[in-house]
Amino acid sequence: MACAIVCGEASPSYVTLFRSLNRTLDSIKDNIAVIFANILACQAHSDDNFRSEEVVPSSFEELMEKYKHLSAGDWFSKKRNAGNDQDPQAEFNVLDTMLKDNLERLKTMRESISVAKIGFLGCTSKINYLEHMDVLRGLCVDGKLGSAFWLRRKLMNKGIIPDVWAHNCLLNALCKAGDLEKANWLIREMLEMGPSPNCVTYNTFIKGYCLLDKVDKALYLFTTMVNSGIRPNSITYNILVHALCKKGLVEDANKLLEEILDDDDEITDSGIVISTTLMHGHLKNGNMVQALSLWVDMQRNTQVDVIAYNVLIHGFCLNQQMDLAYGYLSEMTKRGLLPDVFTCNTLISGLCKERKFEDACYIHDIMPRMGIIPDKVTYNIIIQGLCIKGDVVKAHEFLRSMLEKSMVPEPLVWNSIIDCYARYGDLSNAVSVKDQMLAFGVQPNVYTYNAMIHAQVKGGSFIGALSVEKKMLLSGLFPDVVTYNMLIGGACNSGHFEFAIELYHKMLKIGIDPDIFTYTELIRGNCMRGNIKEAEKILAKIQASGFPVNHVPFKILFKKYCKMREPDKASGIYQKWLARRNEYPSLIT
C-alpha cells in the first residue's frame, strides 16, 4: 500500500472496501423493496390459494435462512388467521433485524477504513519526516545555515526533533564557517532537548577547534567527551595528534599515541594512521631520529603501506635528505609496494628544490613505464622549477605536453612562463603565451598582468606597460603594490621621473602602502636625475621609520658617489650599510 501511495495510485485495500460498501448498500435497497412488496401483497390477498411459499421470492427465502438463528417469536406473530397466512408483523421483525445486521457491517467497514487511514497518515508522516531531514542536510551542504536553522526551528515547534545525523550536519557547517560559539550553543541544546550527541558530534566539534588552532579547547572538549561516557575512536585521536604536531607539540602527540596504543585492540588496528600522522610531525620539525624510531616501531607492530612510505619519503625530501629518500623508495619496491603518483611528485619536488632538474625530468620520463600517469601536480612542479632555473624553453615544452594531454594548467603555471619570458625581455613569446592562455579559457589575474607589465618594462616599452595597466582596469582587476613598483621603475628608466612621482602619490591616494622596492625605485630615479640629496632623504626617512631596508638602496648611493668621485661620502654610505647589516643580518643578501 505504501508503494501505491507514494506512486500516487489508489490503494487496493481502499478499492476493495469501497466496492464492498457499494454492494452492501445495493443489497439493503433491494431487500427493503422486496419486503415492502411482500407486505403489500400479503394485505391484498387473503385467500388460501396464496401461500407464503408462492408469495415470497427465493431471495427472501435465502434471507430467512440466513437469519434462522433468531427465535420463532421474532419471526411469527402469535396471532394467525384461519388459513395460516403469514403475520405482517413477522416481515417487520425481519426488516428490523436485517437493518441492524447491515448497520453492524457498515460500522465494521467504517472502522476498517479508519484503520487504513491511520496507516496511510502514519506512512505519510514518516515520508514527510525523511523529506524534511534530507532538505535540512542539503541546506547544510550548500552552506545555507540560516535556512537550515529556520527549518529546524519550525520542525521543533511542531514537536518534531531532527535526528543526530541532521544535527551533526548543522554542526559541521558551523565549524567550517568558523562559528564555534553557535556550534557550542547547538551542542548544549542537544544535551537539553535531544538528540544526544554521539562520537561524530564531538569529532566534528574537536576538528573545528583544531582548524582554528585552538588545541587547548579541543583537548578540553575531548576530556568532556570521555567524561560523558562517549568512547573516542581512531578518528578522534588522529584529529588531535595531527593538531598537536601542526602546533609543534610533537612530544604531547607522542604521549597521546602511547595512551592510544595502550588502550585496546580496536584502536590499535587503526594505529597505523595515527602513527603515520605523528611521524609526519617529527619529520616536519626535523626530528629525524624520533621519526625513524617510530618507523621501526610501526614496522614491528603493524603492516606499513604505501601511504606510510610516502610520508617518510616526503619527510626526507623536506629535510633535503634525497639519499635516504631513494633508499626507502628502494626498500618500498622490494617489499612489493609500488610507488604511486604522490611518491613520484614528492621526489620531483625534492629534486627541483636541490636544483637537480635533469633528475626531476628523468623521473617524469620513466613514470609511464611504471604505469604511473603524470598529473597536473607533476607538471606544475617541473614547470615552476624550470622557470626558477630560467630554462623557459623547456618549461614551455612541458606546457605544450600538458595541453596535448588535455590538461589545462592553473593561472600560476601560465604566469610563471610569462614572467620567465619577461625576465629575458622576450615580449613576443610572453604575449603569445598570454594569448594562448585566453584561448584555453583561463582568465588572467593580477599576477598575469603584472608579468605582462614586467615584460613591457623589461623590453623598454613604458607606454606598453601603461597600456597593459589600462587593460587590467578594464577587466575589473585592480593594481597592487607590485604593479606600481614596476610602473614607477619603468617611468624612472625611461626618463619620466615626474610621472613616477605621480604614480607614487596615486598609490598612496588609493590606499596602497609602499614597500622597500617602491622606495628603492624612487632612490634610483633620484640618483639618475642627480638628486642625491633627495635620495639620501628618502633613505634616512625609511631608516628612521624602522622600515626594513636591504643592501640595494645603499649600493645605489654608494655607486653613485663613486661615479661622482666623492670617496668620503661613498665611505659614509658604506659605514651606514655595515651598521645596518650588524643590526639586521637577515636583510643582507
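What pLDDT does the protein average, and what share of the residues score at least 70? The average is 79, and 74% of the residues reach that score. Keep in mind that this is a predicted model.

**Confidence**
- Residues 1–15 stay under 50 in pLDDT, and the model gives this stretch 16 contacts beyond four places in sequence.
- Residues 265–269 also stay under 50, with seven contacts beyond four places in sequence.

**Overall packing**
- The protein has 589 residues, and 41% of them are buried.
- Take the contacts between residues at least 6 apart in sequence: 59% of these join residues at least 24 apart.
- Accessible surface comes to about 32,800 Å², with carbon and sulfur atoms accounting for 55% of that.

**The nonpolar core**
- The largest nonpolar core counts 140 residues.
- Phe-205, Ile-206, Met-279, Trp-295 and Ile-383 are the residues with the most contacts inside this core.
- Helix α17, which spans residues 306–318, supplies the largest share of the core, at eight residues.
- Ile-383, one of those most-contacted core residues, touches Ala-395, Phe-398, Leu-399, Met-402, Val-413 and Ile-417, leaving aside residues up to four places away in sequence.

Terms used. Residues numbered from 1 in each chain as written. Predicted model: local features only at pLDDT ≥ 70, side-chain atom pairs only at ≥ 80, totals over all residues. Heavy atoms only, no water. Buried < 20%, exposed > 50% of the residue type's maximum accessible area, 1.4 Å probe, protein only. Contact = heavy atoms within 4.5 Å. Areas by Shrake-Rupley, 256 points an atom, 1.4 Å probe, with all protein chains shown as cover. pLDDT = per-residue confidence, 0-100. Core = buried A, V, L, I, M, F, W, Y, C linked by side-chain atoms within 4.5 Å. Helix = DSSP H or I, 4+ residues; strand = E, 2+ residues; numbered from the N terminus.
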